[in-house]
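Visitor: Please show me how to read a model like this one. I would like the general idea each time, then the case at hand.

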Amino acid sequence: MPEYVHVASTSDVQDPGKLLVEVDAEMIALFHVGGSFYAIDDVCTHDGGPLVDGELQDYTIACPRHGAKFDIRTGAALSMPAIRPTLSHDVKVDSGSVFVRLREAGSGPSGNPAPSAGPRASTASVFPTETTDKQETLASTDASTDASTDASTDGNTAIESLTSATLSEDIVRELLKQVKDPELFVNIIDLGLIYDVSLSPAPENSKQHVSIDMTMTSPACPAGPQLIADTKRAVNTHESVEDVEVRIVMEPPWTPDRMTDDGRDQLGIF
Ligand code: FES
């Protein structure tokens, strides 16, 4: 098991406050709140944002990139777009010094245990910082897509009626509700990922070209290629679609404010 490593003096971090430290080559966000110290990985589990640069409010730190919040006492993810906890670590205070012991994932929540084992020579570094402050669920009629075993007959009937209705922006948006983020299990309309839908007549026949401006919850969203493919597949099921163009736009950046009330309900955000 790793040993406790000296990372700071208690006076180095005001209460409330935070400090970026390095412990055994890991970047750790150290917090001082309510007279106790806490340590979590300085990594937002949404897309790697530096948590220590975020706003600290009580026992909550907000990622400065897209606003996910974490409990500094446990590392628990408290709000979108993060859904996984960041790792928390053991902290102890002894004779005015703060020590951190790295934990491994799955080893349980950390606290501020009483001092016990003597500290080893420090290998910690301190960095200046402010102190205040898709499993695919597309129910497509595309024969190449595996149908979900629990897809209801009613659901398929509804999709069939959509794919034969007069094509419009609203119909495209309804079709896109079949495309779900593989991590959040919320469709891309309710997530607020679709910025614009436009239709233009195909000169070669009576069908339509569909152009979609779509964003991602982060520039490096690993689900991006799958979401684009699913978006095209869902819209292409309509009989009047000639082709589908998906443009990824990152401006304005996505924020949780873009979600619909239904999306918020599904994620338990109020
Ligand atoms: S990187 Fe932290 S919320 Fe996106």
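Guide: A strand is a DSSP run of E, at least two residues long, and strands are numbered from the N terminus. By that count, Ser36 is found in strand 4. Keep in mind that this is a predicted model.

Visitor: How many helices and strands are in the chain?

Guide: The chain has four helices and 13 strands. It runs to 270 residues, and 36% of them count as buried.

Visitor: Back to Ser36. Why does Ser36 count as partly exposed?

Guide: Count the neighbours. A residue is buried with 20 or more other C-beta atoms within 10 Å, and exposed with 12 or fewer. Ser36 has 15 within 10 Å, so it is partly exposed. Now look across the chain. Ser36 and Lys92 are 56 residues apart in sequence, yet their C-alpha atoms are 9.0 Å apart in space.

Visitor: Which residue is 9.3 Å from Arg264, C-alpha to C-alpha?

Guide: Val186, which is 78 residues from Arg264 in sequence. Arg264 lies in helix 4. It counts as partly exposed because it has 16 C-beta neighbours inside 10 Å.

Visitor: Now the cores. Which residues touch the most other members of the largest nonpolar core?

Guide: The general idea comes first. In soluble globular proteins, nonpolar side chains tend to be buried together. Here the largest nonpolar core holds 36 residues, and Val7, Leu30, Leu51 and Val100 touch the most other members. Strands 1 (5–9), 2 (17–23), 3 (26–33), 4 (36–41), 6 (60–62) and 9 (97–101) each give two or more residues to this core. Strand 3 supplies the largest share, with five residues.

Visitor: What does Leu51 touch, leaving out residues up to four places away in sequence?

Guide: Its contacts include Ala29, Ile40, Val43, Cys44, Ile61, Cys63 and Phe70. Asp42 and Thr86 are also on the list. Apart from this core lies another, of 26 residues, among them Leu184, Leu193, Val241 and Met259.

Visitor: How many bridges join strand 12 and strand 13?

Guide: Seven, in the parallel sense; strand 12 spans residues 208–214.

Visitor: Which residues of helix 2 are buried?

Guide: Recall the geometry. An α-helix has 3.6 residues a turn, so residues three or four places apart point the same way. In helix 2, Ile171, Val172, Leu175 and Leu176 are buried. They cover an arc of only 140° around the axis, which puts them on the same side of helix 2.

Visitor: Last, the backbone. Where are the cis peptide bonds?

Guide: Most residues other than glycine have a negative phi, and most peptide bonds are trans. Look for the exceptions. A cis bond joins Asp15 and Pro16, with omega about 5°. Pro16 lies in the loop between strand 1 and strand 2. Another cis bond runs from Glu251 to Pro252, with omega near -5°. Pro252 sits in the loop between strand 13 (241–248) and helix 4 (261–267).

Visitor: And what is phi at Asp58 and at Phe185?

Guide: Asp58 has a positive phi of about 55°, although it is not a glycine. It lies in the loop between strand 5 (55–57) and strand 6. Phe185 has a positive phi too, near 60°. Its place is the loop between helix 2 (169–176) and strand 11 (194–201).

Visitor: Is Asp58 buried or exposed? And what about Phe185?

Guide: Asp58 is exposed, with 10 other C-beta atoms within 10 Å. Phe185 has 13 within 10 Å, so it is partly exposed.

Conventions. Residues numbered from 1 in each chain as written. Predicted model: local features only at pLDDT ≥ 70, side-chain atom pairs only at ≥ 80, totals over all residues. Core = buried A, V, L, I, M, F, W, Y, C linked by C-beta atoms within 7 Å. Contact = placed C-beta atoms within 7 Å. Arc of directions from axis to C-beta. Pairing = 2+ DSSP bridges.
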